[in-house]
Amino acid sequence: MRRYRLLAVSVLGVAGILLGVLFVGNINGNLVYFLTPHEALAQKADFEDGRRFQIGGLVQDGSVVTTDEGLRFVVVSGPAEVPVAYRGSPAQLFRPGIGVVMEGAWDGDTFRSDTMIIKHDENYQPPDSAEGEPGDGAP
Amino acid sequence: MTSVSRRLTAVTVVVMAGALAAALTAPPDRLQGNLQRLMYVHVPAAWLAYLSFAITLGASAGWLWKRRASLDRLASASAEVGVFFTGLTIALGSIWGKPVWGVWWTWDPRLVTTAMMFFVYLGYLALRRATLDATVRARRSAVFGVLAFAQIPVVHMSVVWWRAVHQPPTVLKPAAPTIDEWMLAALLLNVLAFTLVYVLLLRTRVRLAVAEETYDAAHDRAAGELAGQAITTPDYRKEFPNHV
């Protein structure tokens, strides 16, 4: 019984420390699943060319251009915008105005990406509904 | 099969049929089209995972308080069903994620915490097999069953607390649900149907546990009697005839 209590207390202790590190320490920002275009531009010095990370934002209306290897478009959040060169075929739901999380690295001022993840919102409406346009509430 | 079981099964089958019809006839989503129908199985499966582990929490706390064997069986049975539905949630989420997000898996907070929940409750089931002593097993797993529940709010709130690709809650959130009312009705009907399936599975699993315990007890008794008969005093004069 004594040994068991010791085990329980140590397990609790380890769990407590882990949770503390998780919430307070933020583990060098590794918990942040993606950076917004604003943060990505502000922290550009931390991510030298070639270091991979993820940018999440909305696909700017009218910015999508098809290229030989994929697409070029601009990811925005508020006033900040990042030009993205995406290599590959677009995801099924890709369209101007939708949320995307792009994985890749800086190449000069362009974000060169090879992985696209669509971030849709939590609003579900039939096609003829006027409520909520695509992309509302996305990052 | 008792009459309660039979009636419960009949009701479950009827509600399941209704829920399936509702899931297939609800309007498609404006953005995802028919792919959004996966929500009608993914969300109820996730709901059942939460529910099962909540029942495990309640039964574990109850065992620590009342020390009743039935509560231990309930906690164990619910955790088993919960692990199954957690796995189902991850699998269905993956199938939904591939066409809609573009990936089967990504290191998103909701996905990671759900996988963690899956492994922690697998650990609960492993812990139950770590000892043969029924009381020790019940006590250990009751403590584990209470502690492990701490992560369920984290799983649910992960999409709110951290940046994620997984969308935030549609129904279980402070504001009104942001979903078409027909879709919401279909979803709630599916949640009800899945809950009935859960009750059915849980009852069956608890009764199986009772049957197993009865069998084991009878088996042990029989083995004890047999072993008793087999033991005789050795007749050393017969074994060592030349011994004086």
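Guide: In this predicted model, pLDDT is the predictor's confidence in each residue, on a scale from 0 to 100.

Visitor: What pLDDT does chain A average?
Guide: Of the residues in chain A, 83% score at least 70. The chain as a whole averages a pLDDT of 82.

Visitor: In chain A, where is confidence lowest, and where is it highest?
Guide: Confidence in chain A is lowest in helix α1 (residues 2–25), where the mean is 79. At the other end, with a value of 92, stands strand β4 (residues 80–87) of chain A. Over residues 131–139 of chain A the pLDDT is below 50, and beyond near neighbours in sequence this stretch has 23 contacts in the model. For the elements, then, the lowest is helix α1 and the highest is strand β4.

Visitor: Are α2(B) and α3(B) roughly parallel or antiparallel?
Guide: Helix α2 (residues 39–66) and helix α3 (residues 69–100) of chain B pack with their axes 7 Å apart, at an angle of about 160 degrees. Angles over 145 degrees count as roughly antiparallel. Therefore α2(B) and α3(B) are roughly antiparallel.

Visitor: Is the crossing of α2(B) and α3(B) left-handed or right-handed?
Guide: The contact of α2(B) with α3(B) has, by class, 20 nonpolar, 10 polar and two charged residues. The crossing of these two helices is left-handed.

Visitor: Does B:Arg73 count as buried or exposed?
Guide: B:Arg73 lies in helix α3 of chain B. Not counting residues up to four places away in sequence, B:Arg73 touches B:Val206, B:Ala209, B:Val210 and B:Glu213. Buried means under 20% relative accessible area. Because its relative accessibility is 17%, B:Arg73 counts as buried.

Technical notes. Residues are numbered from 1 along each chain as its sequence is written. Chains are lettered from A and ligands numbered from 1 in the order in which they are written. This is a predicted model: local features need pLDDT of at least 70, side-chain atom pairs count only at pLDDT 80 or more; totals for chains, interfaces and linings use all residues. Side-chain values use heavy atoms; hydrogens and water are left out. Axes are lines fitted to C-alpha atoms, for helices over the stretch in contact, and angles run from 0 to 180 degrees between N-to-C directions. Helices (H or I, at least four residues) and strands (E, at least two) are DSSP runs, numbered from the N terminus. Angles under 35 degrees count as roughly parallel, over 145 as roughly antiparallel, 65 to 115 as roughly perpendicular and the rest as oblique. A crossing is left-handed if the near helix is turned anticlockwise from the far one by less than a right angle, and right-handed if clockwise. Ala, Val, Leu, Ile, Met, Phe, Trp, Tyr, Cys and Pro count as nonpolar, Asp, Glu, Lys and Arg as charged, and the others, Gly among them, as polar. Contact means heavy atoms within 4.5 Å. Buried means under 20% relative accessible area, exposed over 50%, partly exposed in between (1.4 Å probe, protein chains only).
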